[in-house]
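Keep the viewer open and follow the stops in order. Each one gives a selection and then what is found there.

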Amino acid sequence: MATLTKSTQGGEFLIKDVLSSDIFIPEQFTEEQRMMAQACQDFIDTEITPNIEEIDSMKNPDLVPSIFKKAGDLGLLGITVPEQYGGMGMSFNTSMLIADIIGAAGSFSTTYGAHTGIGTLPILYYGDEAQKSKYLPKLATGEWAACYCLTEPDAGSDANSGKTKATLSADGKTYMLNGQKMWISNAGFADLFIVFAKIEDDKNLTAFIVEKTFGGITMNEEEKKMGIKGSSTRQVFFNDCPVPVENMLSERQNGFKIAVNILNIGRVKLGAGVLGGVRTVTSLATQYSTDRKQFGVSINTFGAVKAKLAEMATRTFVTESLCYRAGQDIEDQINSLIAGGMDETEAKLKGVEAFAIECAIAKIHGSEVLDYVVDQGVQVYGGMGYSADAPMERAYRDARIARIYEGTNEINRMLMVGMLLKRAMKGEINLFEPAMAVSAELTGVPSFESIDTSELFAAEKDVLKKLKKVFLMVGGKAAMALQDKIEDEQEVMMNLADVMIEIYAAESGILRAEKLVGMKGEDACQSQIAMAQVYLSEAVDKIAMAAKEAIGSFTKGNEQKVMLMGLKRYTKADLVDTKTLRRHIADYMIAQGKYPF
């Protein structure tokens with residue numbers, strides 16, 4: 001495999017080796033970025049944590065809007081909005097960092113994300129100058145709150161099938177909106193609505209900027225939800241809502257493209273947006289395991305509890321690693337496109353689009369790690385974990401939505417594989433040539449390269465190289481055997497997605513640990529090394545299972561036997577003493593009293 005010095009296309013991690021020197025890790029944030037993160041944390045400690053019960057009760061309808069405006073006063077709502085429009089004009093990865101910290105804010109993180117992401121970014125990236133000048137200053141400062149109206153009763157994952165209509169008036173000055181939207185975050189106090197509708201018999205949606213004062217807008221009562229109870233979620237009805245023609249966003253029928261690209265940003269931000277929560281839950285579980293006594297000792301002395309704490313930390317560490325790696329790749333791509341002469345707004349869209357696969361990975365991995373961590377948090381707390389008086393109950397309920405919004409994880413899995421194959425078919429990524437090389441290797445004489453195991457991470461990198469061959473072997477054969485019917489074989493698509501996700505996650509953890517060793521020395525990074533090794537060991541087994549399922553579904557006879565032999569060869573790895581590594585990780589956490597990485 002060639003060595004990837006700077007990725008220029010999403011998905012290339014599957015066919016190239018990546019250098020640790022060329023990825024970004026959270027330990028590299030500047031002092032300015034850390035100060036911004038601390039300001040965000042102070043906001044949570046001051047405005048959210050003391051009021052969390054009242055926020056979730058929604059008994060005071062003015063509470064969340066007032067907290068929202070305080071976030072605007074601090075500049076937290078305009079992190080990526082350019083200074084000329086009242087924002088702070090900070091980098092993409094800085095916005096990832098703020099999403100990360102705000103993730104510990106419970107329901108308010110949904111309020112925040114809906115406004116700063118899907119509510120503001122369509123105007124920032126697709127609005128004309130008049131629209132940006134009129135609306136962005138209000139949104140960046142919190143003077144106005146925004147929401148995003150895409151989902152309909154019969155149009156969820158199939159968003160482009162929405163039935164909301166926009167009809168041009170006889171004088172050509174106004175569009176009349178009629179239709180119903182549901183699950184609209186922030187709808188209860190929003191001043192501005194990004195609304196998607198179809199004009200006449202158009203195939204694709206068109207987007208509109210709708211002010212609440214335009215009229216013709218009604219809503220149902222607040223939805224009663226399992227979690228994120230303190231966030232406003234309503235159905236919104238448009239009944240002859242008049243929208244000036246100049247409030248069409250971008251061009252006619254460009255709405256679906258807007259929705260897709262904004263959701264890409266939302267996905268990678270959601271990956272980062274779980275981190276504040278998983279760190280908090282892991283820290284609380286660590287502290288509780290020290291305080292809780294059974295059989296005369298703290299429960300953190302028990303191996304079963306240590307294993308849970310270590311696994312929570314390990315998955316958190318890896319999610320951090322892959323999210324900030326993807327965020328910086330997006331930022332580097334944006335800067336490269338701008339340097340090449342592309343308009344800044346277009347460069348931001350293209351930069352995210354280039355790494356749409358990694359955005360989906362971040363969303364899937366982050367939301368599933370969040371679910372795992374809160375579940376184990378409840379378990380560490382035992383009976384108290386089930387009590388509404390303890391913090392785990394709320395965390396457990398709030399977490400579940402993350403696997404659904406910004407596109408369900410199932411949809412995201414299929415999208416990421418579909419995107420990869422389409423890019424390969426267009427020649428944008430050289431996937432099939434390496435896949436054919438692996439196929440030839442299966443029937444040839446095995447080559448055995450000697451690995452210098454005395455070099456830190458040499459063995460792990462060899463394992464990663466072979467795991468990438470697993471994807472090339474199975475993915476290449478599936479594409480050849482199933483051809484244009486592969487997208488109908490959703491189970492195979494899901495298997496391939498799982499292989500991709502685990503490769504990216506495991507590699508991100510190893511590269512981060514390696515980079516940390518270069519920065520701090522091996523002795524100072526023993527726990528990080530252990531987490532990277534534990535995760536990789538687990539990833540090998542997950543990849544073997546997913547690949548085996550896929551192979552069994554579309555191959556038979558000798559072809560199947562050859563592929564299974566190849567799978568065995570490429571998933572062969574030295575046995576890792578994960579018990580001892582986890583105990584080391586847990587002991588370090590217990591000594592620090594929190595998630596300390």
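Select Cys-149 and show its sulfur: the closest cysteine sulfur belongs to Cys-147, at 4.1 Å, which is too far for a bond. A disulfide is a pair of cysteine sulfur atoms within 2.5 Å, and a search of the whole structure finds 0 of them. Cys-149 is buried, at 0% relative accessibility; buried means under 20% relative accessible area, exposed over 50% and partly exposed in between, with a 1.4 Å probe and protein chains only. Cys-147 also counts as buried, at 0%.

This is a predicted model, in which local features need pLDDT of at least 70 and side-chain atom pairs count only at pLDDT 80 or more, while totals for chains, interfaces and linings use all residues. Residues are numbered from 1 along each chain as its sequence is written, and side-chain values use heavy atoms, with hydrogens and water left out.

Next, turn to the rings. The structure holds 13 aromatic pairs, a pair being two rings of Phe, Tyr or Trp (its six-membered ring) with centres within 6.5 Å; planes under 30 degrees apart count as stacked, over 60 as edge-to-face and the rest as tilted. Select Tyr-148 and Phe-196, whose rings are edge-to-face, with centres 5.2 Å apart and 70° between the planes. Tyr-148 is in strand S3 (residues 146-149) and Phe-196 in strand S6 (residues 192-199), so this pair ties together parts 48 residues apart in sequence. Helices (H or I, at least four residues) and strands (E, at least two) are DSSP runs, numbered from the N terminus. Tyr-148 is buried, with a relative accessible area of 8%, and Phe-196 is buried with 0%.

Move to Tyr-288 and Tyr-381, a stacked pair at 4.0 Å centre to centre with 10° between the planes. Tyr-288 belongs to helix H9 (residues 275-291) and Tyr-381 to helix H12 (residues 356-381), and the two residues are 93 apart in the chain. Tyr-288 counts as buried at 16% relative accessibility, and Tyr-381 is buried at 9%.

Stay on H12 and select the whole helix. Of its 26 residues, 23 are buried, so H12 is largely enclosed by the rest of the structure. Gly-382 follows H12 and has a positive phi, near 65°.

Which residue lies over the face of Tyr-372? Select Arg-315, at 3.8 Å from the ring centre. Lys-269 lies over the face of Phe-92, at 5.3 Å from the ring centre. A charge sits over a ring if NZ of Lys or CZ of Arg is within 6 Å of the ring centre and within 35 degrees of the ring normal. Phe-24, Phe-29 and Tyr-324 form one aromatic cluster.

The largest nonpolar core has 177 residues, of which Phe-108, Met-416 and Val-474 touch the most other members. Such a core is a set of buried Ala, Val, Leu, Ile, Met, Phe, Trp, Tyr and Cys residues joined through side-chain atoms within 4.5 Å. Helix H17 (residues 490-520) supplies the largest share of this core, 16 residues. Select Phe-108: leaving aside residues up to four places away in sequence, its contacts (heavy atoms within 4.5 Å) include Phe-43, Ile-48, Val-64 and Phe-68. Another core, of 21 residues, lies apart from the largest one, and Ala-166, Leu-177, Ile-184 and Ala-190 are among its members.
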